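Hi,

Here's the structure I promised to pass on. Have a look, and my notes follow below.

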Amino acid sequence: MQRYSILWADDEIELLKPYILFLSQKGYDVTPVNSGADALEKFATHSFDVVFLDENMPGMSGLETLSQMKTMRPHVPIVMITKSEEESIMEEAIGSKIDDYLIKPVNPSQIILSIKKLLDQKRIISEKITQSYQQDFRNIMMAFSEELDHQAWTEVYKKLIYWELEIENSNNQSMSEVLQMQKSEANTNFAKFVMKHYEDWLNDPEVEKPLMSHQLLRKKLFPKLNGETTFFLLIDNLRYDQWKALEPLFTQYFNIEQETAYYSILPTTTAFARNAIFAGVLPTEIEKIIPQFWKDDEDEGAKNNNEKELLQYQLKRNRLEGLRFSYHKVIHHHQGKGLVESFNNLLHNQLNVIVYNFVDMLSHARTDTEMIRELAPDEAAYRSITRSWFAHSPVVEMVRRIAEKKCRLVITTDHGTIRTTKPYRIIGDKNTNTNLRYKQGKSLDYDPKYVFVCKKPEALHLPRYNVSTSYVFATEDYFFAYPNNFNHYVKYYKDTFQHGGISLEEMIIPYVALIPK
């Protein structure tokens, strides 16, 4: 065990010799001083792992000493020890960034606990996390051998994300590689599950099925609209793990009323999944019933320009055409600021829909920009950069104002992304779409292994652009690459975040209802 060095300042330091001896026997080196001035002199010339300060010393008080020490070395933990239980002293110590606070008389166990909490907490937690994950690892692997339903798969995915975040926050990364292997195996099995059941989910009213994109508003949001103002915030491309990274920023102002997950339809892209959310029907129904609002996935400039009209259509279908609502899409920072500035106008509506496109833009920028790849090389960094964007974006102020006015807030997304690592050869004609996780065309040539093939698009409620159109969806962490210039293509797109196919990350996505504190 590492031998830690402690500075202990107390004007009655002679009375503390039994404690100092006790700490020495436990493996700690203690330097005793009997004044704040002496403590500062030692602190300036020696390195200490933790400092114990008596609050009530003659001359320079503990609080004065604390303030100077924090100026000199702000990261050294300091524990204040005092006889006083006055709230004002506690608040002043906390305001001066004290790391722990003990009330006299203290006993040896309290001191050891404080030291371990400040110096050994990460190691102890890390060891516990590793031990707990090793125990749960077997349970998760055993689950793969069973016939899991859609809800069980959601729970498996949530559990994998839980352990991924726990391991990431610990000092011990030894289990990270094991977890990634387990996530990969989970995605292999999940793809088989989706391929087996997906068509029935869309067509058989008798089968047990997950909540899906086209049912989301009708089943989750509309029943909660009761005349009070509700904000529906859809952050494009937000994975469940990214939501967990953002969650603490929301829970400063809100309590979570419900946190659940739903399944994105295929393809897991904006044009299909998000249009289905707002229209309340599947893509073929949009194309047939309201063709003026359906655009092909390749039409980047227009594929989601009709979301307000699609929402109006769904409201009318659900006899809510009289509902006062607004729709706003935020792509640029100035648009977010402008929306915040007009916040009071939104309070006249029963429903305010806000679509934020930043995370989708981030995933594309990471593909196209070398610097963004360096900033977000893996899932942990991708979560971190998402959180950093959110923390410094106008969304935070919007969320604060929503809570301040006691309005309800719903957070969700249209699909997630997966980090793709393995290329998959496919051949298509010039009319084949460019998405890396799904292809639709009339002359596709591919190895049917590791892909989900749909030769009858109408069975999956997908548009058929000509008589021989078929859809091919990538599974696991594969991405499609053409044989022409294959190596360059693979180098450019390998290890990028993509969507459109079948994976836990793309399909199982968050829906969170919040109520203000």
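How do the residues of the lining of the largest cavity divide into nonpolar, polar and charged? There are 6 nonpolar, 2 polar and 4 charged (Ala, Val, Leu, Ile, Met, Phe, Trp, Tyr, Cys and Pro count as nonpolar, Asp, Glu, Lys and Arg as charged, and the others, Gly among them, as polar).

Before the rest: this is a predicted model, where local features need pLDDT of at least 70, side-chain atom pairs count only at pLDDT 80 or more, and totals for chains, interfaces and linings use all residues. Residues are numbered from 1 along each chain as its sequence is written, and side-chain values use heavy atoms, leaving out hydrogens and water.

Back to the cavity. Searching the whole structure turns up 1 cavity of 30 Å³ or more (on a 1 Å grid over the protein atoms alone, a set of points where a 1.4 Å probe fits but cannot get out; lining residues have an atom within 4 Å of a point). The volume of the largest cavity is about 70 Å³, counted as the space filled by probe spheres set on the points, which are joined across faces, edges and corners. Its lining includes Lys220, Glu257, Arg408 and Tyr511. Two or more lining residues come from each of α8 (216-221), β7 (254-263), β10 (408-412) and β19 (508-516) (DSSP runs numbered from the N terminus: helices are H or I, at least four residues, and strands E, at least two).

Beyond its neighbours within four places in sequence, Asn318 is in contact with Arg218 and Phe222 (heavy atoms within 4.5 Å).

Cheers

Conventions. On a 1 Å grid over the protein atoms alone, a cavity is a set of points where a 1.4 Å probe fits but cannot get out, and a pocket is an open set with protein on both sides within 12 Å along at least five of seven lines; lining residues have an atom within 4 Å of a point.
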